[in-house]
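Dear colleague,

Please find the structure below, together with its sequence. A short account of the findings follows.

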Amino acid sequence: MTKPPRKPSKPLLRDDAPIRSRPRRQRDPAQPNLPLDPMPARIEPCLALLRAKPPKGDDWVYEIKWDGYRLSVHVESTGIRILTRGGHDWTDRFPAIKEAALWVPVGTAILDGEAVVLDEQGRSDFGLLQQSLGGRGGKKSSSDAIFMAFDLLYFDGHDLRNSELDVRRHLLEDLVPAGEQGDIRLSEQIEADGDQLLASACELELEGIIAKRRDAPYRSGRLGDWVKIKCTQSDSFMIVGYEKSTAAFGGIGRLLLAARNGSDLVYVGGVGTGFNERSAAELREQMDKLIIAKPAVDTGRKRNAVFVDPQLVAEIEYRAWTHDGKLRHASYKRLRDTQDDPSVYELA
C-alpha cells in the first residue's frame, strides 16, 4: 500500500475533504470536453544566466539558489517519470520523490525543480547528494534527496509554457503548498530587495539567489528570463591534464583547465587548491583512464605534465580573470556528472 506524504497535501481547488488519489482521476461527465494539449515527453529546461548583481524592479521575484540535480517530475496516467536535465530517466534513483509524486493532487503534470540533500542547517549540499547516490558515476538510489519544486510546466492536460510565471506559480502552490515538509517541497519566492537578499544568502553560506521575471513565459535555454547571482563566482571547465607532485593529495599538483571558444577549447590556467584526499583520489582514478600523448589544447610549457582526453568537467570557484585570460585565485570544488549535462564556460 502506498504510504501518504509526511504531511497531508493541500487539496487542489477543494475546501471540503482532501483528495488522496492515484494520478489518474475519473472525469466528471457533466464537465464539458475542453481541448487538451498533448503532454510533452520531455521539456528542455529554462536555464539561468550568471550575473554579478541582482536585477532591480518590481518585474523580478527571487528564490534561493539550490545546489543539486535539476530534475523534471512527470506525473502521467501511466505512473511517475523523473528526468535529469540531460534527459536521462532517473525515476528509480529517487524513490522517495517518486512516492511523493504519486500523492500530488493532479491527474497529469510536469514539475520543474531541483533534487537536493539538506545539511543540519537546512542548506543544500551537493556533496551529500552525490554521496547518497553512490558518488560520482554511482548507481545507488537516494532516499535522502527531496525535490524543491519551483515551476509547473504542464497541468491536467494544459501546456503552461506560454503562461506567465505568476500564473504557473499560482497553480504550483495549490499542488505543493508553502511550508510543507514532505519529499516534494515548494521553493518559495521571496519579496525582497535583491542586494539585501543576496547579502543574507551569502551570510548564511548559501549558493546564492535566482531572479525571475514575473511576466515571462517558460522558454527553454539560457535567454535571460532567469538570472543567477552567486555568493562566490564558480563555473565549469574542462580538465585537459594535470601537473604531477609528490607532495600533493593524489599526486596532483595542479589541474590544467580549458574553456570553450565556439567549437574550440582554450587553456585558462590551472588550479592547485581545494582538493582533499578523497576528491584527489577520485580525480586521479578518472584522469588515469584518459591519458593521451599530446595535449588537446596549447597549455604552454609545463613541467611534469600529464595530458588527458577532455572528457571530465570540474566546477571551479575563482575570484577574477587575469589580463591574459587565466583564472585568478581558483579553487577546485567538485567533478560534474556528465549525466547532469554540465555547461562548460564559454569565453565571450
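Helices (H or I, at least four residues) and strands (E, at least two) are DSSP runs, numbered from the N terminus. On that basis, the protein has five helices and 19 strands. This is a predicted model, in which local features need pLDDT of at least 70 and side-chain atom pairs count only at pLDDT 80 or more, while totals for chains, interfaces and linings use all residues. Residues are numbered from 1 along each chain as its sequence is written, and side-chain values use heavy atoms, with hydrogens and water left out.

Of the 348 residues, 49% are buried (under 20% relative accessible area, with a 1.4 Å probe and protein chains only). Contact means heavy atoms within 4.5 Å; among contacts between residues at least 6 apart in sequence, 68% join residues at least 24 apart.

Two strands pair if DSSP finds at least two bridges between them. Strand β11 (residues 234–244) runs antiparallel to strand β12 (residues 252–261), and six bridges join them; K244 has I252 in β12 as its bridge partner. Seven bridges then pair β12 with strand β13 (residues 264–271), again in the antiparallel sense, and here L257 stands opposite G269 of β13. These two strands, β12 and β13, form a hairpin with two residues between them, and G262 in the turn has a positive phi of about 70°.

Helix α3 (residues 165–175) has as its buried residues L165, R168, R169, L171, L172, D174 and L175. Their cover includes β2 (60–64), β5 (109–116), β6 (146–155), β8 (184–186) and β9 (208–213).

With kind regards

Definitions and conventions
Buried means under 20% relative accessible area, exposed over 50%, partly exposed in between (1.4 Å probe, protein chains only).
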